[in-house]
Amino acid sequence: MERTFKKKSFTEYDVVVIGAGHSGCEAALASAKNKSKTLIINISLDNVATMQHGNVLGGNVKGHLLREIDILGGEIGANTWRNAINVVKSENGNNEEINNYRFTVDKRRYSLFMKNVLESQENLDMRQGLVVEIKKIKDGFKIKTSDCMSYGCNAVVISPGSFLNGNIFWGKYRIEAGKQGEINSKRLQNSLEDLGFKFKKAFTFTTPGIDGKTINFNMMKRQKSVFRAIMSSNNVKFEGRLIKKSFITYIKNNDFGNILNSPRAGNEEIEKIFSDYLIKIHKRNNGLIILQPEGINTTGMYPENIPMAFSEKEQLKIIQNVRGLENASITRPGYGIEYSILEPLQTGINMKSPVYDGIFFAGIINGTYGYEESAAQGIIAGINASLYSKGLGLIDMKKEVGYTGILFSEISLGDKTTPIDIVDLKSMYNFKYDFFEVYKELYKILRFIGRKKEIENMERVYGKYPGL
Amino acid sequence: MRGNTNNTFDIIVVGAGHAGCEAALATARMGLKTLILTINVDKIALMPCNPSIGGIGKSQLVREIDAMGGQMGKTADKTFIQIKNLNSSKGPAVQALRTQIDKKEYEIEMKKTLENTANLTLRQGTVSEIIIEDGNAVGVKTESGVIFKARSVVVTSGTFLRGRIIIGDKDYPAGRMGEYPAMRLSENLLNIGFKIDRFQTATPPRVDGRTVDFSKTSIQNGSGESLRFSFWDAPGNNNNIPCHLTYTNELTHKIIAENIRYSPIKSGMVDTHGPRHCPSIDRKVINFPEKTRHPVFIEPEGALSNEMYLQGLTTSMPALIQQKIVNTVDGLEDARIVRPGYAVEYDYIIPDQLNFTLESKLIGNLYFAGQINGTSGYEEAAAQGFIAGVNAAQKIRGNRPIIMTRENSYIGVMIDDLLTKELIEPYRMYTSRAEYRLLLRSDNADVRLSKFGLKLGLITKEQFAGVQLREEKVKELISFLKSNGLNPGHKTNQKLISVGTKPLDKPNTLYQILKRPEVSISRLMREFYNGQDRYDEKVFARTEMMVKYEGYINRQVAEAKKLEGIEKYIIPLDLDYYKIMGITYEAREKLSNKRPNTLGQASRIAGVSPVDISVLSIILKKKSGKQL
């Protein structure tokens, strides 16, 4: 019996998203929900939406970002509520009408659930692969992976995170990697440079992971947890489950001079960036350290806001200088990551390249820092990539559109000398958050792209505003 | 708990895969300060290939590890999505338990176990060097320059040593897809003087479950009973998510044959050997051209995951061809590959460089376990890890090592094979390797081995007493069966027919009746003796086994006894074979290379004939004046 098999085009898509980090996931979901045939490619499908820096989302300023993304139908909010293991009310100096919370999520589960959401999304395909080339062809692009597969698309969202020529280092040790243990992506940058894009180096740093069994919690104060938090418009209820506590403690001698003078290896540029970064963080916090749990099923904890790229010996000295951590041991050292980001002015306010129609950039490749910032860019890049592939007009995020607006404004116009962190932007722009204005703009966007469900959710949670 | 800040431990385990986890948990539970080092603490106990634990030959290994107090069985019981009895209609020697595992839950659970075990420290670090002093391992150094000291080191690095991934004609360094390999440790081992070779293993593509047409496949359910690997009362679960079975066809084979030049086997990209009993579909088609179809099992990788593992379609052909191949299979016409299959090539140390304790002959206090010894399979790795760990601990304590033998366990068969045979492909366990497989059954692993667990302190006295109590009950039940019988009478015969067997024509003991293959002991007892619930399922199962297979079991016991002498006869490790007249040159060469510990082991070395063994035994008798 002659068997024939149907020819299926597994390699033609409307939108391809490169990288399944926080921005990539939002972009892929947004594009797929907008009925574009979407493919998301990640080097390993076991590493979707992982968290290299801490596992706390939300907070005073970023909480607003979360909310804005959530209103637009993004997943980061829902996934956060779903996997939260502790919720703390953030210090709200501004008396804003909406409260903000800090959510500690189970890292592992966050990643697994996000992957699940992607797997179950209609119009969305996932693929494990390392992208090595993007070529411009008629009507779109050809995306090539290292196993010689070739995917055609009308629009591409590039969100490689810290993997673009990523190198990690601590003490004198340096290795090519996008994250600890994971291979980086090299040829993609070459391919983008061939297209005319220009890159420069950026740095970020992670905190060490501490063995929870070696922590003396009695010397620390437990953070007051909250049992009722604002509901997500995505209909995922937060029951206020409290599973793991976070703790407050202090660096013993509140003098950073000590730490910064200890011997470090590495080049001067990195050292300067690192010390500036550390000082800035500590000016904000006054030597205060918050210890967060990594997950439900692990004893691992990590101290927020003391990232390090010192040698392991040095790291231990610093850690043991924190109240309650005198006998602590480090499970995994903090490290610095050097990676490539775009030079300024290569991403527009709509996340699209001003030079190439159809190429969108999202995430830390735009010089930002933070999961929420990445997700915000991702969702707009995804929506716009989808609109572009349908031949429709794109959404421009105006400055008035809340924190998302400022963020995008900074990305498209800023000079990127330091990583763009929304908290800095807030003080820079002296922004007065007017939720009604934000609501109006987001509502308009949702109307434009025809998202009935998201509009219904929005009205249900935040109320109907007259005149819209 | 006090953090360890001086980096000194009793035992260091390099690698937190299946072997590493067993080793570290065993030594920590035995009270030794243990460090387990891994490249990435978020990748513990990964299952890079089949989402399954157990199966023919392997189930026995899991049970044996469990019987001695190891971990794998317990974690599998907690995280399976399906559990099944295999070959339940065939003889007890080949029966096995097989689980489909939720991979991610398994990792989370194993990491949780490691973190919550006293005396055990988990650290992230890539080991690049074994530190040696006076011919003994005294510690390790990581790539970032950190030094850890210990009295013993167990190396369980899996497929990471100079790992290279191959898909079609593309290759790049990696230990697993997306993870960078360990490059320097191999070099270090070579420099120390170990003989190293390379093997490869491959994994099939995964497809998007939403694109599979399950209506064209046949469903494969679990057994649905409350089956467990673990002998002890550890918590399990009751999941029963099905797998599906389909087949390749002539079109599949045609496409493979047409594209065979792209297969790394043919193209020369891979010239190392892969596991023969886990062959790629390319190899199956080359080797079995007359077969019109090969089975393909569609297995979910987790309870929540949409990814389906295609068992039977292992390949490292180029990704595009893999897609074509997959789409020829019934039910997979529209299936989209999510992860392409690939081969990974890696260094391993030739295992005849180890002793029965898995300590290396070259360097003292240095042990090797798992895929680094040339084996393939999670269960094989875990078993070795356990043995290496407990023996490292025993040595530190000054106690006698735990030696597994061919007569007491599958683990013993595996270790003996590794030390004795020529490895031309990764070693995988299957039942036909064990000549005493009727004695080494899944169901009696606790009887055979829990005493070792007790000796090591990994099994409690209560648990051991439970095993002995059950054995007493089995003996009691057997003697009951032998001393009670039935007479041929109308009522009796009616009952016998209702139990599914022929009526009696003369009086018979229950024992004799139970020997009939179709009679089940529980039904027999229920029918004729109410209130026989002093015996639980396990006692019934063992009794039934002993009765039905009495003849075969006795025969194997006799065979084992006959060879006992030769097995246990110790050969001095420094014996100069070249000075022995009467043995062939080839035998002298092989014996000098392998340095067997016992005459039994010597007899199994390829190139050593029975005549050589006779000559050896006479020489050794003369030397020691002992009677053989």
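Strand β5 (residues 101-105) of chain A pairs with β4(A) in the antiparallel sense over five bridges, where two strands count as paired if DSSP finds at least two bridges between them, and where strands (E, at least two residues) and helices (H or I, at least four residues) are DSSP runs numbered from the N terminus. Within this pairing, A:Lys89 has A:Tyr101 of β5(A) as its bridge partner. This is a predicted model, in which local features need pLDDT of at least 70 and side-chain atom pairs count only at pLDDT 80 or more, while totals for chains, interfaces and linings use all residues. Residues are numbered from 1 along each chain as its sequence is written, and chains are lettered from A and ligands numbered from 1 in the order in which they are written.

The open sheet to which these strands belong has three strands in the order β3-β5-β4 (chain A), with antiparallel pairing. Because β3 (56-58) and β4 (84-89) of chain A each have a single partner strand, they stand at the edges, and one side of each is left without a neighbour in the sheet. From one strand to the next the twist averages 25°, with axes taken as lines fitted to C-alpha atoms, for helices over the stretch in contact, and angles running from 0 to 180 degrees between N-to-C directions. Helix α2 (residues 62-71) of chain A lies across β3 and β5 of chain A and runs at about 70° to β3(A), contact meaning that the C-beta atoms of two residues, placed from the backbone, lie within 7 Å.
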